[in-house]
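Subject: Structure handover, with notes on pockets, surface and salt bridges

Dear colleague,

I am passing on the structure below, together with my notes on it. Please read the notes alongside the coordinates.

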Amino acid sequence: MANPIIQQLKKAQNDSILPNKNWKRNKSDGLEYLRYRICRPLIKGIFYTFRWWNKPTPWFAPSAVNFLKGWLKKDMIGLEFGSGASSKFFAQRIEKLVSVEHHQGWFEHVSKWFKENQLNNIDYRFIAEDPSFRTKELPLFFETFNLKAGDYSFKPQFWKYFHIANEFENDYFDFILVDGRARVACLLNSIDKLKSGGLMILDNSDRPSYQLAFKVLEDWEYFTCTTGLSDTTFWIKP
């Protein structure tokens, strides 16, 4: 029997008026690519209309957003890499949000919004990219998941950024959203901090450079929501 969370995600996707599969940009298939080019502006129009009527809302598929509206609870604690509309969405619905941002201008903009809306349940961190940082050390998750150096090229300039979860005890977060920089490193380094039954969420999970996440989490139940143009995958931690 399917996990209730998987059932809820499937229902949210099936109820969406957007496509239930990602329409790949496959130029070698003339008909498929033509369909993609014709439908792309229609899909984007529906997507932006949904965002307009559901402000503030993450840049996810509407099905993912509608699922989260029902799943999130006031006593939850979440971690997100990458901030903005999702931060506003989560902070209004949960007990505490830890949010990590690498861009100073955007950090200042979102901080101002938090203050204007009197939201004080956000632990908002600015961790800038450090182009000068060098290390011969591999992140610990390489050993944890039996990865070789050639399996994944992590970005050392975001070392402090993707290690932020180390400040928290294991099984601390109800969900972790990965939607910023160095996404695979953020995901792999944060797994121990997620509660059993919690959700690991990876936005734009259809990108080829993120497929290592599927390999590492192959034993976890998961479901992928889509707009037809971009995917968001939810994994449930065993």
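This is a predicted model: local features need pLDDT of at least 70, side-chain atom pairs count only at pLDDT 80 or more; totals for chains, interfaces and linings use all residues.

Residues are numbered from 1 along each chain as its sequence is written, and side-chain values use heavy atoms, with hydrogens and water left out.

Pockets and cavity

The spaces were found on a 1 Å grid over the protein atoms alone, where a cavity is a set of points at which a 1.4 Å probe fits but cannot get out, and a pocket is an open set with protein on both sides within 12 Å along at least five of seven lines; lining residues have an atom within 4 Å of a point. Grid points are joined across faces, edges and corners, and a volume is the space filled by probe spheres set on the points.

The largest pocket holds about 540 Å³ of space. Its lining counts 25 residues, and those nearest its centre are F47, W59, F60, D203 and N204. With helices (H or I, at least four residues) and strands (E, at least two) taken as DSSP runs numbered from the N terminus, at least two lining residues come from each of helix 2 (30–53), helix 4 (85–91) and strand 7 (231–236). Helix 2 gives the largest share of this lining, with five residues. By class, where Ala, Val, Leu, Ile, Met, Phe, Trp, Tyr, Cys and Pro count as nonpolar, Asp, Glu, Lys and Arg as charged, and the others, Gly among them, as polar, the lining of the largest pocket has ten nonpolar, eight polar and seven charged residues.

The second largest pocket has a volume of about 180 Å³, and its lining includes L140, F141, H163, N166, D192 and K193. Helix 6 (141–144) and helix 8 (183–190) each contribute at least two residues to that lining, and the largest share, three residues, is from helix 8. Its residues divide into five nonpolar, five polar and two charged.

The structure has one cavity of 30 Å³ or more, and the volume of the largest cavity is about 40 Å³. The residues lining the largest cavity are A128, D130, F133, P156, Q157, W159 and K160, of which four are nonpolar, one is polar and two are charged.

Surface patch

L31, L34 and I38 make a nonpolar surface patch of about 340 Å². Patches are built from residues with over 30% relative accessible area and no salt bridge, like charges being joined within 9 Å and nonpolar side chains (Val, Leu, Ile, Met, Phe, Trp, Tyr) within 5 Å; the areas come from the Shrake-Rupley method with a 1.4 Å probe, and for residues only the protein chains shown count as cover. L31, which lies in helix 2, is exposed at a relative accessible area of 69%, where exposed means over 50%, buried under 20% and partly exposed in between (1.4 Å probe, protein chains only).

Salt bridges and buried residues

Searching the whole structure gives six salt bridges, each being a side-chain nitrogen of Lys or Arg within 4 Å of a carboxyl oxygen of Asp or Glu. K11 pairs with D15, with the closest N and O atoms 2.7 Å apart, and both K11 and D15 are exposed.

A salt bridge also joins the side chains of D174 and K195, at 3.2 Å from N to O. D174 lies in strand 4 (residues 173–178) and K195 in strand 5 (residues 194–203), so this pair ties together parts that are 21 residues apart in sequence. D174 is buried at 13% relative accessible area, whereas K195 is partly exposed at 29%.

R183 and D179 meet in a salt bridge as well (3.4 Å, N to O), and R183 is buried, with a relative accessible area of 9%. Helix 8 has eight of its eight residues buried, so it is largely enclosed by the rest of the structure; R183 is among these buried residues. D123, R125 and E167 are linked in a network of salt bridges.

Finally, F90 in helix 4 is buried, with a relative accessible area of 0%.

With best regards
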